[in-house]
Amino acid sequence: MKSFILQNISAVTMRADSAAPYGLMHDAALVVKDGMIEWIGDSSDLPAIYHDYPQHDLQGRLVSPALIDCHTHIVHGGNRAVEFEMRLNGASYEDIARAGGGIVSTVRDTRAASEDDLLQQALPRLDAFLAEGTGTIEIKSGYGLSIEDELKMLRVARKLGLLRPIRVITTYLGAHALPEEYKGRADDYIDQICLPALEQGYQEGLIDAVDAFCENIAFTADQVARVFDKARDLGLPVKIHAEQLSNQNGAAMAAGRYSALSADHLEYLDDQGITAMKRGGTVAVILPGAFYTLRESQKPPIEGLRQAGVPMALASDCNPGSSPMTSLLLAMNMATTLFRLTPEEALAGVTRNGAKALGIDDQVGTLDIGKRAELAVWNCDHPAELSYRIGFNPLHQRIIGEWV
């Protein structure tokens with residue numbers, strides 16, 4: 001049923017221009033027509049032309065935009081639980097690397113896996129996000145690091161969007177790390193693997209955006225710029241992993257030269273980077289899962305971003321090494337507790353600003369007429385509960401375009 005009315009709701013519209021916190025509307029009704037939001041307002045003002053639509057009484061529950069995870073790596077082979085245990089038992093990064101751990105192990109497992117293997121491993125992770133009200137998820141490549149294996153990951157990401165009622169945004173992250181066979185030859189890797197895979201993935205329609213890891217353990221700003229130049233030539237938007245472990249000025253470069261959709265992590269972002277992001281319209285994506293798992297101490301400059309008016313999105317960074325987390329609700333709690341985001345900022349981060357970080361804020365992220373009816377219904381009295389609880393899922397129902 002693609003046309004219906006939700007009655008007796010508290011609508012968490014998340015409109016940025018609303019005078020009410022969270023854009024909250026009590027005693028509201030929402031009309032869906034052909035999978036789109038047709039009308040929203042006070043129940044008493046519901047136009048008579050909709051009175052014949054099927055009506056569903058949600059008994060005062062909160063209705064928000066479906067959640068958006070704008071940064072994940074859920075397609076990969078294997079896991080790194082043994083490495084996690086080794087770290088807790090005192091092993092160093094070098095010890096783990098000598099034992100075949102680290103990203104090398106994930107690359108090895110991802111290369112060894114078939115498309116169906118990767119699909120079957122990723123589906124339970126994806127289902128965990130759906131169970132908490134997620135309606136859109138971004139999925140990156142970056143663990144294949146060969147032309148064939150990067151494209152394999154992207155094909156699996158596309159298949160996930162066909163097998164589940166969720167919007168999947170695919171991001172090419174060929175410039176994630178150097179594979180063993182290119183150790184010490186980063187420029188050769190860019191020339192021989194990263195750029196050709198980008199071209200082929202684009203020709204196959206597998207890529208929605210392009211990402212890169214600009215860091216002292218990954219790629220320089222100049223190397224990333226070569227990848228982004230190619231993305232721009234192909235008409236693809238870019239985003240960047242930046243300033244996670246050190247300040248390489250990647251965020252400023254991506255925002256200033258490419259108007260990047262987002263810069264992600266940002267623990268070492270400086271004022272220059274904040275200014276460049278504001279000017280470039282680049283969203284700051286906050287990733288508390290990696291901060292928590294790695295037990296970091298350098299926090300992203302939340303107050304600086306807030307004062308500059310840089311939109312802050314929030315994501316799980318679900319990956320096998322630094323953030324094995326499949327819960328946006330937990331990410332919200334972490335962001336409020338560890339980084340002092342307000343609950344309203346956290347919810348904006350996984351709705352309105354998450355959509356902006358993916359370049360789809362004209363389609364989803366707020367409850368507005370003309371946007372897709374991608375909705376989450378919560379057993380909550382107040383939106384702050386979504387950040388407040390730890391390990392509790394208050395989702396009542398997920399609605400993606402139709403009533404089922």
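What covers the buried residues of H3? Select helix H3 (residues 103-112), whose buried residues are Ser 105, Thr 106, Val 107 and Thr 110. Buried means under 20% relative accessible area, with exposed over 50% and partly exposed in between (1.4 Å probe, protein chains only); helices (H or I, at least four residues) and strands (E, at least two) are DSSP runs numbered from the N terminus. The cover includes helix H4 (115-130) and helix H5 (147-163), where contact means heavy atoms within 4.5 Å.

A word on what you're viewing: this is a predicted model, where local features need pLDDT of at least 70, side-chain atom pairs count only at pLDDT 80 or more, and totals for chains, interfaces and linings use all residues. Residues are numbered from 1 along each chain as its sequence is written, and side-chain values use heavy atoms, leaving out hydrogens and water.

Next, select Glu 138. Its salt bridge with Lys 140 has closest N and O atoms 2.6 Å apart, and Glu 138 also meets Lys 239 in a salt bridge (3.6 Å, N to O). Lys 239 sits in strand S10 (residues 239-242) and Glu 138 in strand S7 (residues 134-140), so this pair ties together parts 101 residues apart in sequence.

Last stop: Val 210, whose contacts include Lys 239, Phe 228 and Leu 198.

Key: Salt bridge = Lys/Arg side-chain N within 4 Å of Asp/Glu carboxyl O. Lists of a residue's contacts leave out its neighbours within four places in sequence.
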